[in-house]
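Morning, everyone. Please look at the model on the screen. I'll talk about rings and cover.

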Amino acid sequence: MATLYEPTVLALDAGGTMTDAFIVDRGGGFVVGKALTTGHDESIGVLNSFADALKQWGLKVEDAAKFLEAVIYSGTSMLNRVLTRQGEGPIGLIVTAGFEDALRFERGIQVWLGLSYPDRLHSVSHYHNEPIIGQKYIRGVRGRINVFGQEMAPIYEDEVRLAVEQLLDEGVKAICVCLLFSFRNPSHELKVEEIAKEVMKEKGKVVPVMLSFKHNPVRGELPRMQTLILEAYAASPSRIHIQAINNALRAKGSRAPLRILTCYGGSIPPSHDWLVSTLISGPIGGIIGGKYLAELLGLKNVVCSDVGGTSFDVGLITEGQYALEMEPAVGRMKLALPSVVMDSIGAGTGMYVRLDPVIKRIELGPDSAGYRIGMCLREEVITLNDCNLVLGYLNPDYFLGGDVRLDASRARLGIKEQLADPLGISVEEAAWGVVELVNTQMRDHLYAMILGRGFSPEVYSLLSYGGAGPLHVCGYIEGLNFERVYVPEWAPAFSAFGCACADYAFRYDQQLDFPLSSTLGEAEILSAFLNATWSNLKAKVEEEMIKEGLDPARMEFQAMVRMQYQGQLDD
């Protein structure tokens, strides 16, 4: 029987609490769906969310999947592997001799990440992060390329051979190679790869060998090294997880290619050499969707605010563009990973609410119940969801459209025992105080991000979305005089909508050091260098497109340059 709807685009956002689906049919109509995230196997949550959306069109997954032409995914599973230190391991690392302790020494800016201003000022909470790779799996080899790309000392091949043999004997799952200034001259890293393959053939063991210059050949040894390690540690195991989603959709009849949203706002296939560029794709979707919506509404300046179950994410669109950060901080690590600028705090509706037993102070998060929601479902500690439920902001019989029933009496009992009684106030007063406290935190974060970039709320419109955005928006914008406030009808699945708006895009960066005088007399030489570099990068992009069956002649190529004054270290 012919159907009235032919779903052609399926966009997915698998968050810590909910998995959202945004479906577009051939005529431009759309529906959204939501389901609880299934962390052990996200493909279950994906199919549940897909089915939830299709119910509005009277379709089943098997009927709709055959029409799909594009599937775009974003999620937080890869990021969670990093934050919880539950990635692939052990990972081996080969570095230039003398730099075996680089991961432990870190960089000054890295050890202060996430700390409050008083803690930075007084060094109260200063500490070094535990490296993802322990010293047991790090080997240094002699040889030196200088800052100009010249070989000062040849690579010691016998040391490389010994290092690879030892790491293989230690049972490493991959070997990362990050040598000094390889972005200027990769010959030493290529030699390490060549020797490693010889040794693996002799020993009958094969593991991936990853070279830093191939990922992101830019200045900054520590960010480049850490990004390379995360490719092996978090991104590689995610390929299996993403393939499971693809297999689940194909089992239902889909033949659409699956693509993943990247940190910089495009989308790439799971087969891409460097999947780490999708590390923080989840919250990026909302900003991409915000930019698309801003163009339709004719808005130049928009603040994108996303209230989810685990975090409150904020991004700015200024003069029609979002900004990119070249070295974002993820899990207290600086990475060489161009990403859309976005700030997050642990202020989601699933965050735990606790009371300090000594000073009777309410403590919020930063950890979250995630898909367990709160005491109203399957938790032993109260969450913001419990407070919203007790205050009547949530319908216990219609959470997720009635698929999940919440226990209001259990939430009330939890607030009474854990908050209200110890403070000597009523349950409603305790719940209201928590909601006000969370709204204040969100408001302060929102205002600080706008003000910290030299702007004011009066010149921006605010876009509120996320599962709890419409519920909390009045609270967190109070006193901030935004030009307008927009709440999309499809706010609960807005990040998934943003995935549907993302372009097919491949991005490659390469460092080019070329000093210019004030007279610009070297401009002609620089032009030749730039054109040659751009040609090399364009060839890489074309190669990726051809692999995907895309025609490079139909694609738009954008060449961009980042420049610094002489002596300037930070962008």
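Is W57 buried or exposed? W57 has 12% relative accessibility, so it counts as buried. Buried means under 20% relative accessible area, exposed means over 50%, and partly exposed is in between, with a 1.4 Å probe and protein chains only.

Two notes on the source. This is a predicted model: local features need pLDDT of at least 70, side-chain atom pairs count only at pLDDT 80 or more, and totals for chains, interfaces and linings use all residues. Residues are numbered from 1 along each chain as its sequence is written, and side-chain values use heavy atoms, with hydrogens and water left out.

Now the rings. The structure holds 13 aromatic pairs. Rings of Phe, Tyr and Trp (its six-membered ring) pair if their centres lie within 6.5 Å; planes under 30 degrees apart are stacked, over 60 edge-to-face, the rest tilted. Take Y5 and W57. Their ring centres are 4.6 Å apart and their planes are at 5°, so this pair is stacked. Y5 is at 28% relative accessibility, so it counts as partly exposed.

Next, F455 and Y460. They pair edge-to-face, with 5.7 Å between centres and 70° between planes. Y460 is at 0% relative accessibility, so it counts as buried. F455, at 31%, counts as partly exposed.

There is also an aromatic cluster; its members include Y292, F494 and F497.

Last, charges over rings. That needs NZ of Lys or CZ of Arg within 6 Å of the ring centre and within 35 degrees of the ring normal. R259 has its charged end over the Y504 ring, 3.7 Å from the centre. K538 sits over the face of F557, 4.8 Å from the ring centre.
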